[in-house]
Amino acid sequence: MRNEIFMTMSAMEELWERCASKVMAIGGSVCLKNSVVASILEGLKKRLDEHNSMTVQLEKGFVYRAVFVFHSPASEQEIDQFEKDMDVRLPADFRDFLLLHNGAQLFTDAYAGGGYKLLSLERIRERHQKFKDMPKNLLPISRNNGDYFFIDADRVRQGACNYLVRFDHEDPLCHVKLNFETWLDRLIVSQGAAFWEWKFESLVESFVVSTLKSV
């Protein structure tokens, strides 16, 4: 059994090496060569019914009907003008999203509301002006019950891949090891759960300990 665990861990390392071979370095960071935002959203839309809704299950068996709204796309000219006016450069993956949908609402409870509001260019500009105490390099792109995710424009300018910053009304600003593409992908896979709060290392440790005890 111990050998099987070590073989599994070895296989995970091999998988990581294969994935790493498909990325490139930019500004000292590692970035995916191709954006997959369109594929992520296409996969989501295939699971929605004619009302753009679906049933999802969260932690502890909580089930609800989630509704989705996708706004019209922004044009290249609108995005370029936004970057010029704000003196920023948007990351390629978020730019891809805007070219598909200039804003969206994900995992909104059909009865209770909530969910994630991906902000349009206009809303980003409005919220950026509203947050007078926030650093000017932070662009709000997602809102959920008063909590926000921001793009750190300085990190994008430096070529960093993991440029998202989380603001929780109970915690200070926190840089997270995510870009927009990865955040969107994991948000959809986790069915709208706050996956960034999950302690994956603890789960792995618990699995290994419980497996060794059963040997």
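Which residue forms a salt bridge with aspartate 80? The partner is arginine 95, and the closest N and O atoms of the two are 2.5 Å apart. A salt bridge here is a side-chain nitrogen of Lys or Arg within 4 Å of a carboxyl oxygen of Asp or Glu.

Welcome to this predicted model, in which local features need pLDDT of at least 70, side-chain atom pairs count only at pLDDT 80 or more, and totals for chains, interfaces and linings use all residues. Residues are numbered from 1 along each chain as its sequence is written, and side-chain values use heavy atoms, with hydrogens and water left out.

**The chain as a whole**

- The chain has eight helices and 10 strands; these are DSSP runs numbered from the N terminus, with helices (H or I) of at least four residues and strands (E) of at least two.
- Of its 215 residues, 39% count as buried, where buried means under 20% relative accessible area, exposed means over 50%, and partly exposed lies in between (1.4 Å probe, protein chains only).
- The chain exposes about 13200 Å², and carbon and sulfur atoms supply 53% of that area; accessible areas come from the Shrake-Rupley method with a 1.4 Å probe, and for residues only the protein chains shown count as cover.
- Among contacts (heavy atoms within 4.5 Å) with a separation of 6 or more, 51% are between residues 24 or more positions apart.

- The whole structure holds eight salt bridges.
- Arginine 95 counts as buried at 16% relative accessibility, while glutamate 76 is partly exposed at 37% and aspartate 80 is partly exposed at 38%.
- Shared partners join Glu76, Asp80, Glu83 and Arg95 into one network of salt bridges.

- Lysine 46 and glutamate 42 form a salt bridge, their closest N and O atoms being 3.8 Å apart.
- The two are separated by about one helical turn, because they are four residues apart in helix H2 (residues 37-46).
- Lysine 46 is exposed at 66% relative accessibility, and glutamate 42 is partly exposed at 46%.

- Arginine 89 sits in the loop between helix H3 (76-86) and H4 and is partly exposed at 44% relative accessibility.
- The C-alpha atoms of arginine 89 and valine 156 are separated by 7.0 Å, although the two are 67 residues apart along the chain.
- Histidine 101, in the loop between helix H4 (92-100) and strand S5 (104-109), is buried at 10% relative accessibility.
- Leaving out residues up to four places away in sequence, histidine 101 touches residues including Leu41, Phe70 and Pro73.
- Leucine 178 lies in the loop between S10 and helix H7 (180-189) and is buried, with a relative accessible area of 5%.
- From C-alpha to C-alpha, leucine 178 is 5.8 Å from leucine 164, and the two are 14 residues apart in sequence.
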